[in-house]
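Please view the model alongside the text.

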Amino acid sequence: MTETIVDFRKRMVRSRQQELESLDYDSLRRVIDESLTATGWSLEAGSGLGRYVHYLEIRGFASVGVEISSEIAKKAKRLFPASDFIVGDVRQLPIRSDCIRNLLSLGVIEHFVDSQALVTESTRVLQTNGVMVITVPNQYSFWPYIRSYLQRSGKWDIGYERSLTRSELRAILETSGLQINSVREIKAISSVMQLLMLMIQKMVSVRTLNPEPLPLRDFYLPREKAMRKVLPLISRIIDSVPIVSRLGFLIVAVSCKSP
């Protein structure tokens with residue numbers, strides 16, 4: 001599959017409440033809490049509707065998001081008016097070198113053939129000893145099979161995407177001059193639930209008159225208060241089991257810029 005420019009605007013339809021609720025189920029938040037300190041500027045490269053920019057703000061970080069779509073950036077500002085968003089390209093960040101303390105790159109580099117160039121550009125804006133948290137799809141999970149099924153059935157609208165292994169991500173980070181602190185898999189429960197939903201969908205052969213592809217990047221869970229409390233706990237328990245956690249559909253790496 002060749003690299004394509006993908007228009008994510010049609011996916012950015014969630015409300016502020018939906019954005020905030022999605023953080024309740026997100027095991028990535030624990031990695032951010034453990035890895036980042038509220039000193040200096042924090043940047044999310046490819047910030048979408050801005051929930052992580054907002055999350056860092058309410059934790060006392062000075063944060064900003066960079067988003068290539070002016071339309072998405074404007075909506076993010078409407079959802080989170082106290083947060084800051086800049087229109088820009090992650091391949092050429094509109095940020096001067098060596099001025100960012102913390103950088104988030106969440107589900108971005110896998111959509112470009114030259115992932116190395118994106119990480120190198122992100123490293124450029126990091127301060128010495130600045131921290132980068134980056135996620136990519138896990139090659140050794142159910143996700144590549146789910147993606148392949150969606151592509152074959154015509155329900156895939158994301159364009160180019162590739163999954164990586166731990167070693168491949170490590171090599172990209174180290175080549176960019178980053179020192180790796182940790183690499184782990186997360187979101188095993190999300191991957192399993194997505195697979196189960198596809199199996200159920202195939203078994204009952206549900207068909208819809210709506211030609212629009214189904215939302216794929218986020219799995220919406222029940223919003224009841226009890227579920228919002230119970231499911232994160234279940235997710236943490238599952239992700240704490242080493243064998244199961246290796247099936248997590250995301251690899252998250254924490255690294256810092258070498259002196």
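How are helix 1 and helix 3 oriented to each other: roughly parallel or roughly perpendicular? Helix 1 and helix 3 are roughly perpendicular, a term for angles of 65 to 115 degrees, where under 35 degrees counts as roughly parallel, over 145 as roughly antiparallel and the rest as oblique. The axes of helix 1 (residues 16-24) and helix 3 (residues 51-58) cross at roughly 70 degrees and come within 10 Å. Axes are lines fitted to C-alpha atoms, for helices over the stretch in contact, and angles run from 0 to 180 degrees between N-to-C directions. Helices (H or I, at least four residues) and strands (E, at least two) are DSSP runs numbered from the N terminus.

The model is predicted: local features need pLDDT of at least 70 and side-chain atom pairs count only at pLDDT 80 or more, while totals for chains, interfaces and linings use all residues. Residues are numbered from 1 along each chain as its sequence is written, and side-chain values use heavy atoms, with hydrogens and water left out.

On the helix 1 side, the contact (heavy atoms within 4.5 Å) involves Arg16, Glu19, Leu20, Ser22 and Leu23, which meet Arg51, Tyr52, His54 and Tyr55 of helix 3. These contact residues comprise 4 nonpolar, 2 polar and 3 charged. Here Ala, Val, Leu, Ile, Met, Phe, Trp, Tyr, Cys and Pro count as nonpolar, Asp, Glu, Lys and Arg as charged, and the others, Gly among them, as polar.

The sheet is open, with 7 strands in the order 3-2-1-4-5-7-6 and mixed pairing; two strands pair if DSSP finds at least two bridges between them. Strand 3 (84-87) and strand 6 (178-186) are the edge strands, each pairing on one side only. From one strand to the next, the twist averages 20 degrees. Strand 5 (residues 126-137) and strand 7 (residues 250-257) run antiparallel and are joined by 7 bridges; Val133 has Val254 in strand 7 as its bridge partner.

Helix 2 (residues 28-35) packs on this sheet and touches strand 4 (100-106), strand 5, strand 6 and strand 7, its direction making about 165 degrees with that of strand 5. Helix 4 (residues 70-79) lies across strand 2 (62-67) and strand 3, at about 175 degrees to strand 3.

Most residues other than glycine have a negative phi.
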